Amino acid sequence: MGTVTRGTTNPNRLRRMDRWITAAHGAELRRAAHPVAIDLGYGAAPWTAVELLRRLRTAAPRTRVVGVEIDPARVVAARPYEREGLRFRHGGFEVPVEGRPTLIRAANVLRQYDEDEVAEVWERLRARLAPATGASRGGLLVEGTCDEIGRRHVWVALGPEGPRTVTFATRLGSLERPSDLAERLPKALIHRNVPGEAVHTFLRDFDRAWAAAAPYASYGARQRWIRTVHTLAADWPVRDGVSRWRQGEVTVAWEALAPRC
């Protein structure tokens with residue numbers, strides 16, 4: 001269920017997303033009895049699934065990864081890379097695995113879809129996540145877009161209950177201004193970067209805070225970014241702290257950036 005993507009991928013392309021998932025969702029993966037992570041739409045080569053397994057196991061050693069692709073030829077090509085904890089399956093948004101995954105990562109998958117199709121896809125994928133319990137918030141869906149070599153990335157994190165946060169991540173040394181990340185907004189937001197929409201206002205404020213923090217550039221791009229996010233957090237519901245900002249990240253509550261009806 002779904003449409004075949006272009007399949008372009010590169011080694012290490014999703015490192016920023018994986019790093020965030022490991023930090024934000026590692027505890028849930030460790031608590032799960034049988035943690036399963038889905039790399040949905042991994043593309044023409046299996047690198048992202050191979051890397052996801054390695055990175056998640058640094059936080060949750062029992063995690064298993066299943067790469068899911070709608071193009072059968074890509075699944076056949078990936079089979080030689082299977083190993084303990086890593087399998088490849090033919091499928092799409094139905095997520096053809098037994099049970100409920102603890103994580104579904106869908107990077108650069110919805111870019112080719114229409115905006116009005118996103119909500120239905122999100123709902124379908126959220127329904128496949130492990131449910132919340134007394135001790136757990138449930139599984140996590142991470143859906144977003146990055147550039148070809150993973151320098152700029154924006155993603156939405158969703159739980160079984162709905163969208164939770166939006167994360168902006170970048171290689172700070174290549175950043176001219178925070179609004180450069182606008183071209184990597186996920187499909188749910190990219191067409192909303194116009195006056196009157198919250199994400200447009202957020203990026204405007206981000207640029208202004210970045211400009212005001214210019215004196216900190218003498219200490220390096222990281223210090224300028226940290227100062228920028230400190231300023232931004234005064235007016236926007238930033239959900240993370242300095243340990244994440246140092247990585248070139250900032251995470252904001254979904255409700256603050258959600259499209260206006």
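**Figure 1. Strand S4 and its pairing partners in the predicted model.** In strand S5, Leu141 is the bridge partner of Ile104. This view, like those that follow, comes from a predicted model. S4 and S5 (residues 140–146) run parallel and pair over 5 bridges. From S4 the chain passes through H4 to reach S5, a β-α-β crossover that is right-handed. S4 also pairs with strand S1 (residues 36–40), again in the parallel sense, over 3 bridges. There, Ala37 sits opposite Leu103 of S4.

**Figure 2. The two sides of strand S4.** How many residues of S4 are buried? The count is 5 of 5, so S4 is mostly covered. Leu103, Arg105 and Ala107 point one way from the strand. Ile104 and Ala106 point the other way. Both sets are buried.

**Figure 3. Thr167 in strand S7.** Thr167 belongs to S7, which covers residues 162–170. Is Thr167 buried or exposed? Its relative accessible area is 0%, so Thr167 is buried; the cut-off for that class is under 20%. The Thr167 side chain makes a polar contact, at 2.7 Å, with the side chain of Thr251. Beyond its neighbours within four places in sequence, Thr167 is in contact with Trp20, His153, Val154, Trp155, Val250 and Thr251.

**Figure 4. Helix H7 and what covers it.** H7 holds 12 residues, 221–232.

**Figure 5. The aromatic pair Trp47 and Tyr81.** Across the whole structure, a search finds 10 aromatic pairs. Trp47 lies in helix H2 (residues 47–59), and Tyr81 in the loop between helix H3 (72–78) and strand S3 (86–90). The pair therefore ties together parts that are 34 residues apart in sequence. Trp47 has 31% relative accessibility, so it counts as partly exposed. Tyr81, at 33%, also counts as partly exposed.

**Figure 6. The aromatic pair Phe93 and Tyr113.** Which geometry do the rings of Phe93 and Tyr113 adopt? The centres are 5.7 Å apart and the planes stand at 55 degrees, so the pair is tilted. Edge-to-face would need an angle over 60 degrees. Phe93 lies in the loop between S3 and strand S4 (103–107). Tyr113 lies in the loop between S4 and helix H4 (115–126). The pair thus ties together parts that are 20 residues apart in sequence. Phe93 counts as buried, at 7% relative accessibility. Tyr113 is buried as well, with a relative accessible area of 8%.

**Figure 7. An aromatic cluster.** Which residues form one aromatic cluster? They are Phe168, Phe202, Phe206, Trp210, Trp225 and Trp236.

Methods:
Residues numbered from 1 in each chain as written. Predicted model: local features only at pLDDT ≥ 70, side-chain atom pairs only at ≥ 80, totals over all residues. Heavy atoms only, no water. Helix = DSSP H or I, 4+ residues; strand = E, 2+ residues; numbered from the N terminus. Buried < 20%, exposed > 50% of the residue type's maximum accessible area, 1.4 Å probe, protein only. Polar contact = N/O pair within 3.5 Å; in protein donor to acceptor, adjacent residues only side chain to side chain. Contact = heavy atoms within 4.5 Å. Expected span 1.5 Å × (residues − 1). Phe/Tyr/Trp six-rings, centres within 6.5 Å; stacked < 30°, edge-to-face > 60°. Pairing = 2+ DSSP bridges. Right-handed = clockwise from strand over helix to strand, strands pointing away.
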